[in-house]
Amino acid sequence: MKTVGPATGSAAPVRLTSYARGGGCACKIPPGELEAMVAGLLPPPSPGQTPSPGQALDGHEDRLLVGLDDGDDAAVVRTGDGTAVVSTADFFTPVVDDARDWGRIAAANALSDVYAMGGRPLVGLNLLGWPRDVLPAELAGEVLAGALDVARAAGCLVGGGHSIDSPEPLYGMAVTGLVDPDRLLRNDAGRPGVPLTLTKPLGVGILNNRHKRTGEVFAHAVAVMAALNDKASAAALEAGAVCATDVTGFGLLGHLHKLARASRVTAVVDAAAVPVLDGARESLRAGYVSGGTRRNLDWVRPHLDAGRAGEDQLQLLADAQTSGGLLVAGEIPGHPVIGELVPAVAGATLVIR
């Protein structure tokens, strides 16, 4: 994508990633800081009692099926007619330089939260922040067009949204969907003895960091990020799974730690079985590791039995993903099993073997 410089009239490439400090889900607030922020929103439970999410917030414990408690992927509210509404929002700074690809990736990422709960998206609202005095409006139009392409492929309507003039470009969606309340996928329903399946390879965070720093384009990483998790979600439900999350900015280890902690189990990861994108290991060795990935690893270290895993391997497992795959407690045909859930091990929610 090119724009015309006002002084010379010459065409110059626009590198969207250069207008943001971070990129994609790697620009998330670190998980430890985020948990500290929201800790005061839930009152402590009464002695011997664990309140439901709805009870903790507004007294309607029979309606709010999933709330703040365990940091799940979306809120789920029972409607009273045998269905439930899934509600989520997600946005981030540019993860690639191509505006239309960024829109496609951001839309797929926002829709993923609905799929991670076992739902189907109905309508999305655009969330756009644009430095209007710096970047041309035509580029913003490309971002919106890319998102619309993905939403249409998902059968999800797009109905307007909200925009602001911001110092960094930001884009994402607020998405509303429907889910069967009796067939929810949630992160606190894991049980010992269940295998763990990952539906997309790791490494997009590393390759995105290399793209931001060098301008190299990794088409296979873009394709993975722009791919919907709809089929993986349907396959998980068909297999009878009840526990899942998607792998995004907190990395595989961060999201798996949250799942294991919420489910009161320990997750054992077979590092050799985890799928990795071509070029990611080489890029990691060359130093293309984001600050978000390092923060992810620092957060889980106190809960991690790393076994013989080296630092490079741990950084790959903690790599901050953008629009990653589903992590499902269950075996999903066509996708690799990367470990299993076992009874809780004292001092460790995560074990690498």
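This is a predicted model: local features need pLDDT of at least 70, side-chain atom pairs count only at pLDDT 80 or more; totals for chains, interfaces and linings use all residues.
1. Residues are numbered from 1 along each chain as its sequence is written, and side-chain values use heavy atoms, with hydrogens and water left out.

2. A107 belongs to helix α3 (residues 99–116). Helices here are DSSP runs of H or I with at least four residues, strands are runs of E with at least two, and numbering goes from the N terminus. Leaving aside residues up to four places away in sequence, A107 touches A147, V150 and M173, where contact means heavy atoms within 4.5 Å. From C-alpha to C-alpha, A107 lies 8.7 Å from Y171, although the two are 64 residues apart in sequence.

3. Next, look at how α3 meets helix α4 (residues 137–153): their axes come within 7 Å and cross at roughly 45°. That makes α3 oblique to α4. Axes are lines fitted to C-alpha atoms, for helices over the stretch in contact, and angles run from 0 to 180 degrees between N-to-C directions; those under 35 degrees count as roughly parallel, over 145 as roughly antiparallel, 65 to 115 as roughly perpendicular, and the rest as oblique. On the α3 side the contact includes A107, A108 and L111, and on the α4 side A147 and V150 are among the residues involved. By class, this contact of α3 with α4 has 11 nonpolar, 2 polar and 4 charged residues (Ala, Val, Leu, Ile, Met, Phe, Trp, Tyr, Cys and Pro count as nonpolar, Asp, Glu, Lys and Arg as charged, and the others, Gly among them, as polar).

4. Now for the strands, where two count as paired if DSSP finds at least two bridges between them. Strand β8 (residues 170–179) pairs with strand β5 (residues 84–92) in the antiparallel sense over 9 bridges, and G172 in β8 is the bridge partner of F91. Strand β6 (residues 120–130) also runs antiparallel to β8, joined by 9 bridges; there, R120 has L178 as its partner.

5. Elsewhere, 7 strands form an open sheet of mixed pairing, in the order β10-β13-β9-β14-β11-β15-β12. At the edges stand β10 (244–246) and β12 (304–305), each with a single partner strand, so one side of each is left without a neighbour in the sheet. β12 runs parallel to strand β15 (residues 350–352), with 2 bridges joining them, and L304 has L350 in β15 as its bridge partner.

6. Finally, E33 sits in helix α1 (residues 31–38). Is E33 buried or partly exposed? E33 is partly exposed, with a relative accessible area of 47%.

Key
Buried means under 20% relative accessible area, exposed over 50%, partly exposed in between (1.4 Å probe, protein chains only).
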